[in-house]
Amino acid sequence: MRIVITGAAGFIGSHLSDALLDRGHSVVGIDNLLTGDLANIAHLAGREFVFIKHNVTNYIHVDGPVDWVLHWASPASPIDYLEWPIPTLKVGALGTHNALGLAKAKGAKFMIASTSEVYGDPLEHPQTEAYWGNVNPIGPRGVYDEAKRFAEAITFAYHRYHGLDTRIVRIFNTYGPRMRVNDGRAVPTFIAQALRNKDVTIFGSGRQTRSFCYISDLVAGLLALMNSTTNDPVNIGNPQEMTIEAMARLIIQMTGSKSQVVFHPLPADDPQVRQPDITRARTLLGWEPKVSLDQGLTSTIAYFRTKMAASG
């Protein structure tokens, strides 16, 4: 198949490109490099991979046939969407509209990368796909949360009105190699601080929870969703829940760091709990995560050691 991936130079987009190429498909990667990095896809030179630098909030043109459009373009870290609130909203709205338009024009299937953030600061725990969420639309995080909620809405509208074959994946916290050192999310931040023997900073009490899925498990779930027939949203994430403080202390231990844990005020609307109910993924896709936290963190820490050493 010939597959278009927007956001292909990003963390997840680049791993998804790898997996599809390994399965014999050709990939057209599109990215404006706002948060993506060409280093993430440099190793794909010489393979059935074409890169187009383009902002998908503008009309998307791709020559030739297309079988799938996978829409991954978006800032995904709080530090990014707080710095670029309007581009975040535009890629969720205009970018999704343009990506859906490409899929419709090519007769292709479509998948949108949604997020657990559509649940906001949830009042239901764990979160099932039937939960409508608890989101502050005018809070600082609303630019990301509502962009993704709109993206889901327009994707389903194209499915209902145009008959487009669509998939919606709600991605929970994912980590692994190719995350940026200055990404701002918990795992890369804690690893970078620990490797530098700097204070490991926790926002809030540290008792808020997250569920961390390794990148190879996530990609396996995405491929399973592509091969399924479901058009309803599907949670993909690791249901093993832990506190942010426990993750910080585990990373300090695994890196052999001299870092101390310090606490700072919690940002507005930061979710207190986050745990996916993956019953739908298990039932419809036959998917569940396989990589243990120790395995995943070992690989991720090794990547960060190499990347930070190379950058001085």
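Which loop holds L33? Select L33 and you land between strand 2 (26-31) and strand 3 (49-53); helices (H or I, at least four residues) and strands (E, at least two) are DSSP runs, numbered from the N terminus. Residue numbers start from 1 along each chain as its sequence is written. You are looking at a predicted model, where local features need pLDDT of at least 70, side-chain atom pairs count only at pLDDT 80 or more, and totals for chains, interfaces and linings use all residues, while side-chain values use heavy atoms, with hydrogens and water left out.

**Stop 1**

Most residues other than glycine have a negative phi, and most peptide bonds are trans. L33 has a positive phi of about 65° although it is not a glycine, and L33 is partly exposed, at a relative accessible area of 23%. Here buried means under 20% relative accessible area, exposed over 50%, and partly exposed in between (1.4 Å probe, protein chains only).

Now select R178, in the loop between strand 7 and helix 5. Its phi is also positive, about 85°, but R178 is buried, with a relative accessible area of 17%.

Next, go to H125 and P126, which a cis peptide bond joins, with omega about -10°. P126 sits in the loop between strand 5 (109-115) and helix 4 (142-162).

**Stop 2: helix 5**

Select residues 186-195. Of the ten residues in helix 5, eight are buried, among them V187, F190 and I191. After helix 5 comes N197, whose phi is positive, near 60°.

**Stop 3: the cores**

A nonpolar core is a set of buried Ala, Val, Leu, Ile, Met, Phe, Trp, Tyr and Cys residues joined through side-chain atoms within 4.5 Å. The largest has 62 residues, of which L16, L20, L70, W72, M111, M247 and L297 touch the most other members. Helix 6 (residues 215-226) gives the most to this core, with eight residues. Center on L16: leaving aside neighbours within four places in sequence, its contacts are I5, L70, W72, V219, L222 and L223. Then show V4, I30, V66 and V91, which belong to a second, separate core of 23 residues.

**Last stop: the whole protein**

Zoom out to see nine helices and 13 strands. The C-alpha trace spans about 55 × 45 × 40 Å along its principal axes, and 55% of the 312 residues count as buried.

Methods:
Contact = heavy atoms within 4.5 Å.
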